[in-house]
Amino acid sequence: MTKIKALPDVPRWAALAAHAVPLVTLPSGLWRLALVAGLPVTQDAELGAMGFWVSAYVVSLSVVSELLAFLTLGLVRSWGEVFPRWMPFLGGRRVNPAAATAAAFAGVAGLCAIAGWGVYASYADLGPGIPASPAQEALLIACYAPLLAWPVLVAAVAASYYRRRTRAAGSRSRSGSGSGSGRQYGAGRPSASSWV
């Protein structure tokens, strides 16, 4: 069985869900890159010959969405509890669980809004649409359908993160902040290997 990198107190399901997020965003990003490369993912030759700025936008969209998906791993790894030392002004400080959870749920709300708009725009026939053969349309759906899991996975992992972090903070305050046994994994300076 493959070892999933996560903190010891993270439930296995949450670690698996966090690691699944970058995978569910990957097919749509690859589809967009294929579109920019001029591969036959649509029937419209005009779409395959994009200008520089449109191509840069599409590539940037793929890169940014994948980077945002990778942020979910912070909810199950040490850099989601203590900022890495290399970060200016924040390095070595503890991550506020409420702030991290609020940011995650803001992302969930944004993803739901984007998905809702996409469904509405598709059914309302807004925009030019993407001319495609049945096979190309099936490929498009297969690449974009996994994105529906993105907000669900992030919400579940964020809820688990918040429960785990606030429960750990509560148990530390009850056991006394000065005792070494009450320290949570990741408190203080994390090891370099835990940042990956």
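A residue is called buried here when its relative accessible area is under 20%, exposed when that area is over 50%, and partly exposed in between, using a 1.4 Å probe and protein chains only. By that cut-off, buried residues make up 34% of the 196 residues in the chain. This is a predicted model, in which local features need pLDDT of at least 70 and side-chain atom pairs count only at pLDDT 80 or more, while totals for chains, interfaces and linings use all residues. Residues are numbered from 1 along each chain as its sequence is written, and side-chain values use heavy atoms, with hydrogens and water left out.

**Overall fold**

- The chain contains 6 helices and 0 strands, where helices (H or I, at least four residues) and strands (E, at least two) are DSSP runs numbered from the N terminus.
- Read from the N terminus on, the elements follow the order α-α-α-α-α-α.
- Of the contacts between residues at least 6 apart in sequence, 72% join residues at least 24 apart, a contact being heavy atoms within 4.5 Å.

**Salt bridges**

- Side chains of opposite charge can pair when their charged atoms come close.
- The structure holds 2 salt bridges, each defined as a side-chain nitrogen of Lys or Arg within 4 Å of a carboxyl oxygen of Asp or Glu.
- In one of them R164 pairs with D9, with the closest N and O atoms 3.6 Å apart; this pair links distant parts of the chain, since R164 belongs to helix α6 (residues 149–175) and D9 to the segment before α1, 155 residues apart.
- R164 also meets E81 in a salt bridge, at 2.5 Å from N to O, and because R164 lies in helix α6 and E81 in the loop between α3 (52–70) and α4 (97–123), the pair ties together parts that are 83 residues apart in sequence.
- D9, E81 and R164 are thus linked in a network of salt bridges, in which R164 is buried at 3% relative accessible area, E81 is buried at 0%, and D9 is partly exposed at 33%.

- P22 lies in helix α1 (residues 12–36) and counts as buried, at 6% relative accessibility.
- Leaving aside residues up to four places away in sequence, P22 touches E66, A69 and F70; P22 and E66 are 44 residues apart in sequence, yet their C-alpha atoms are 6.1 Å apart in space.
- L23 is also placed in helix α1, but L23 is exposed, with a relative accessible area of 58%.

**Nonpolar surface patch**

- L23, L26, L30, L33, V59, V63 and L67 form a nonpolar patch on the surface, with about 600 Å² of accessible area together.
- Patches are made of residues with over 30% relative accessible area and no salt bridge, like charges being joined within 9 Å and nonpolar side chains (Val, Leu, Ile, Met, Phe, Trp, Tyr) within 5 Å.
- Helices α1 and α3 each supply at least two residues of this patch, and the largest share, 4 residues, comes from α1.

**Cysteines**

- The count comes to 0 disulfides, a disulfide being a pair of cysteine sulfur atoms within 2.5 Å.
- C112 is partly exposed, with a relative accessible area of 43%, whereas C143 counts as buried at 11%.

Definitions and conventions
Accessible areas come from the Shrake-Rupley method with a 1.4 Å probe; for residues, only the protein chains shown count as cover.
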